[in-house]
Amino acid sequence: MEKEVPPGPRSGSPSGAARASIMFEQRTRGTSATTTGYLRGVSDDPPQRAVEVRRSARRRRTVSAYREGDRTVVLIPARMSEAEERRWVGVMLDKLAAQESKRTLGDTELTERAEHLSEQYFAGRARPRSVRWVTNQNTRWGSCTPAEGSIRLSHRLQGMPEYVVDYVLLHELAHLLVPGHGPRFWELLDAYPKTERARGFLEGVVAAERLPRIPGAREE
């Protein structure tokens, strides 16, 4: 059973930077005599940062992460397997991203974000007239009225990782071009590299909240 513990100051962690710490259940065995640090690819959370994983023989039951300049540092126990390392790096990147996106975008910023995403993924063809937050959407993440060019996002998305909000924005922008959920619609969303990851995140939220349906799920 995973349990979250309050993050605290750690050696090498810059003051004021986003930090996260999680207690985990130790499942691996073995020993390691030294602490090691090495680059482990690049995070796909914007902005892109190198991910440095540091193993410590003194660390037993916690995984921590924080931003350090242009990289993300993840601190793990030396005994952790490579498979567990990959899983926990993903968990901590999502946790940091969620912490950093807690500042709520205003409607103007949300509109600017939608316009930027349209330019980046749809060659600017999706042109919403309005994009705003609403508080009356409790069973869906977003909605779109193509005839009006209006997009509405549920306030429940506020505080979720940026790539999740971007996915919902792109989902609704795609509806300005293709009304239904047919093959052409999903071809548009396939241009966004984090589509499946974002949908997995939202499916997890829905499962936790036991909502009746997942807006944006593929219709067979």
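Predicted model: local features only at pLDDT ≥ 70, side-chain atom pairs only at ≥ 80, totals over all residues.
## Overall layout

The protein chain holds five helices and nine strands, and read from the N terminus these elements follow the order β-β-β-β-β-β-α-α-β-β-β-α-α-α. Of the 220 residues in the protein chain, 45% are buried. When contacts between residues at least 6 apart in sequence are considered, 53% of them join residues at least 24 apart.

## Helix 2 and its buried side

Helix 2 covers residues 107-122, and its 16 residues, taken at 1.5 Å a residue, should span 22 Å; the C-alpha atoms at its ends are 21 Å apart, which agrees with that expectation. The buried residues in this helix are L110, T111, A114, L117, S118 and F122. Because they cover an arc of only 125° around the axis, these residues lie on the same side of helix 2.

The face of helix 2 that is turned away from the buried side carries T108 and E119, which are exposed. The cover over the buried residues of helix 2 includes strand 7 (130-134) and strand 9 (150-154), together with helix 3 (162-177) and helix 4 (183-189).

## The loop after helix 2

Helix 2 is followed by A123, which has its place in the loop between helix 2 and strand 7. Most residues other than glycine have a negative phi. A123, although it is not a glycine, has a positive phi of about 55°. With a relative accessibility of 63%, above the 50% cut-off, A123 counts as exposed.

P128 is found in that loop too, between helix 2 and strand 7, but its relative accessibility is 11%, and P128 therefore counts as buried. The C-alpha atoms of P128 and E115 are separated by 7.7 Å, the two residues being 13 residues apart along the chain. If neighbours within four places in sequence are left aside, P128 is in contact with A114, G149, I151, L173 and L176; A114 is one of the buried residues of helix 2.

## Helix 3

For helix 3, the 16 residues should span 22 Å at 1.5 Å a residue, and the computed separation of 23 Å between its end C-alpha atoms agrees with this. Since 13 of the 16 residues of helix 3 are buried, this helix is largely enclosed by the rest of the structure.

## Strands 4 and 6

Strand 4, residues 50-56, is mostly covered, with five of its seven residues buried. Strand 4 runs parallel to strand 6 (residues 71-77), and seven bridges join the two. Within this pairing, R54 has L75 of strand 6 as its bridge partner. In a regular strand, the side chains alternate between the two faces of the sheet.

## Aromatic pairs and charges over rings

The count of aromatic pairs comes to three. In one of them, the rings of Y121 and Y192 have centres 5.3 Å apart and planes at 90°, and the pair is therefore edge-to-face. This pair links distant parts of the chain, as Y121 belongs to helix 2 while Y192 is in the loop between helix 4 and helix 5 (195-209), 71 residues apart. Y192 has a relative accessibility of 5% and so counts as buried.

Y163 and F201 form another edge-to-face aromatic pair, with 6.4 Å from centre to centre and 80° between the planes. Because Y163 lies in helix 3 and F201 in helix 5, the pair ties together parts that are 38 residues apart in sequence. The two residues can be described by their accessibility: Y163, at 1% relative accessibility, counts as buried, whereas F201 is partly exposed, with a relative accessible area of 24%.

The ring of Y163 also has a charge placed over it, since the charged end of R197 sits there at 4.4 Å from the ring centre. A further arrangement of this kind involves R156, whose charged end sits over the ring of W141, 4.0 Å from its centre.

How values were computed. Residues numbered from 1 in each chain as written. Heavy atoms only, no water. Helix = DSSP H or I, 4+ residues; strand = E, 2+ residues; numbered from the N terminus. Expected span 1.5 Å × (residues − 1). Buried < 20%, exposed > 50% of the residue type's maximum accessible area, 1.4 Å probe, protein only. Arc of directions from axis to C-beta. Contact = heavy atoms within 4.5 Å. Phe/Tyr/Trp six-rings, centres within 6.5 Å; stacked < 30°, edge-to-face > 60°. Lys NZ or Arg CZ within 6 Å of the ring centre and 35° of its normal. Pairing = 2+ DSSP bridges.
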